[in-house]
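Please keep the sequence and the coordinates open while reading.

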Number of protein chains: 2
Amino acid sequence: MESLGQFEQIVLTAILALEGNAYGVTIHAKVEELSRPKKATRGAVYATLDRMEDKGLISSWLSEPTKERGGRSRRHYRIEKFGEKALRDSARTAQRLVETIAQNLGGLAWKPR
Amino acid sequence: MESLGQFEQIVLTAILALEGNAYGVTIHAKVEELSRPKKATRGAVYATLDRMEDKGLISSWLSEPTKERGGRSRRHYRIEKFGEKALRDSARTAQRLVETIAQNLGGLAWKPR
DNA sequence: TTATTATGTCTACAATGTAGACAAAATGGA
DNA sequence: TCCATTTTGTCTACATTGTAGACATAATAA
């Protein structure tokens, strides 16, 4: 019953949100968006992607190079069933925490959107 | 701009939820409740409490022994302002994740109370 | 060709997470 | 009295996750 680390959860969520356009650079950008105002380095993202691939949470493949300035082939990632389940589970716990915190600490003042 | 680890977040939330009755045993129980079905050992909880006290997120003091069978003095914990802020911040990020996951993965099947 | 952009790999370390043995205080019952 | 039991806490050692940044490579424009 492994469970996701915090950063793993964020990276996985980023891949999910990118629907089919998930590779190093876009994932890194989405991770920073999700964890704002905290920064993340590319190294951190790639290391986590590697580990998650080893564990079978995600899989990857190389695409053809693009035509943009400097564009070269990219390693794309997608979530496996196993990763989806892990993410779902971790989201339940996260939700439980958020509710408990909101109840006890009062308005978090986030606007849902 | 330190940010809370996953387990730190859970332990902090447990202290919060226990309002004034937070010490090793009750915290451990609440942590397991919050992270169900995952288990946690007492060692993990205490190690995390120590680290968070070092960082000034929480503080602790010893209470008088109680009259129950085997009851001895307990180390009670409470959250400091700094810890409260850290928890609030981490809750915002968690909420952002949960929303993103729910949007992309569909019903998490939690009832928001 | 070389500078520049986009992309990815690697290494090494710091921080966090975890298990489980051990210790000690209190007290009820032999 | 003193020992077994309950409650509580400490400690050690290690595994996993998180992070920074240097380095490498491919493509192309100039």
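For classes of residue, Ala, Val, Leu, Ile, Met, Phe, Trp, Tyr, Cys and Pro count as nonpolar, Asp, Glu, Lys and Arg as charged, and the others, Gly among them, as polar. The model is predicted: local features need pLDDT of at least 70 and side-chain atom pairs count only at pLDDT 80 or more, while totals for chains, interfaces and linings use all residues. Residues are numbered from 1 along each chain as its sequence is written, and chains are lettered from A and ligands numbered from 1 in the order in which they are written.

Chain A comes first. Its secondary structure comes to 4 helices and 2 strands, where helices (H or I, at least four residues) and strands (E, at least two) are DSSP runs numbered from the N terminus. Read from the N terminus, the order is α-α-α-β-β-α. Along the principal axes, the C-alpha atoms of chain A fill a box of roughly 50 × 35 × 20 Å. Confidence in chain A is lowest in strand E1 (residues 58-62), with a mean of 93, and highest in H1(A), with 96.

Of the 113 residues in chain A, 33% are buried. A residue is buried if 20 or more other C-beta atoms lie within 10 Å of its own, exposed if 12 or fewer, and partly exposed in between, with C-beta atoms placed from the backbone. Two residues are in contact if their C-beta atoms, placed from the backbone, lie within 7 Å. Among the contacts in chain A with a separation of 6 or more, 47% are between residues 24 or more positions apart.

Two packed helices are described by the angle between their axes and the distance between the axes. Axes are lines fitted to C-alpha atoms, for helices over the stretch in contact, and angles run from 0 to 180 degrees between N-to-C directions. In chain A, helix H1 (residues 6-18) packs against helix H3 (residues 42-54) at about 90 degrees, with the axes 10 Å apart. H1(A) and H3(A) are therefore roughly perpendicular; angles under 35 degrees count as roughly parallel, over 145 as roughly antiparallel, 65 to 115 as roughly perpendicular and the rest as oblique. H1(A) brings Phe7(A), Glu8(A), Val11(A) and Leu12(A) to this contact, and H3(A) brings Ala44(A), Val45(A), Thr48(A), Leu49(A) and Met52(A). By class, the contact of H1(A) with H3(A) has 7 nonpolar, 1 polar and 1 charged residues.

In chain B, the axes of H2(B) and H3(B) come within 10 Å and cross at roughly 110 degrees, so these two helices are also roughly perpendicular to each other. Gly24(B), Ile27(B), His28(B) and Val31(B) of H2(B) meet Arg42(B), Val45(B) and Tyr46(B) of H3(B).

Gln6(B), in helix H1 of chain B, is buried, with 21 other C-beta atoms within 10 Å. Leaving aside neighbours within four places in sequence, Gln6(B) is in contact with Gly5(A) and Gln6(A).

Most residues other than glycine have a negative phi, and most peptide bonds are trans. A cis peptide bond joins Arg36(A) and Pro37(A), with omega about 5 degrees; Pro37(A) lies in the loop between H2 and H3 of chain A. Glu19(A), in the loop between H1 and H2 of chain A, has a positive phi near 30 degrees and is exposed, with 9 other C-beta atoms within 10 Å.

Note on methods
pLDDT = per-residue confidence, 0-100.
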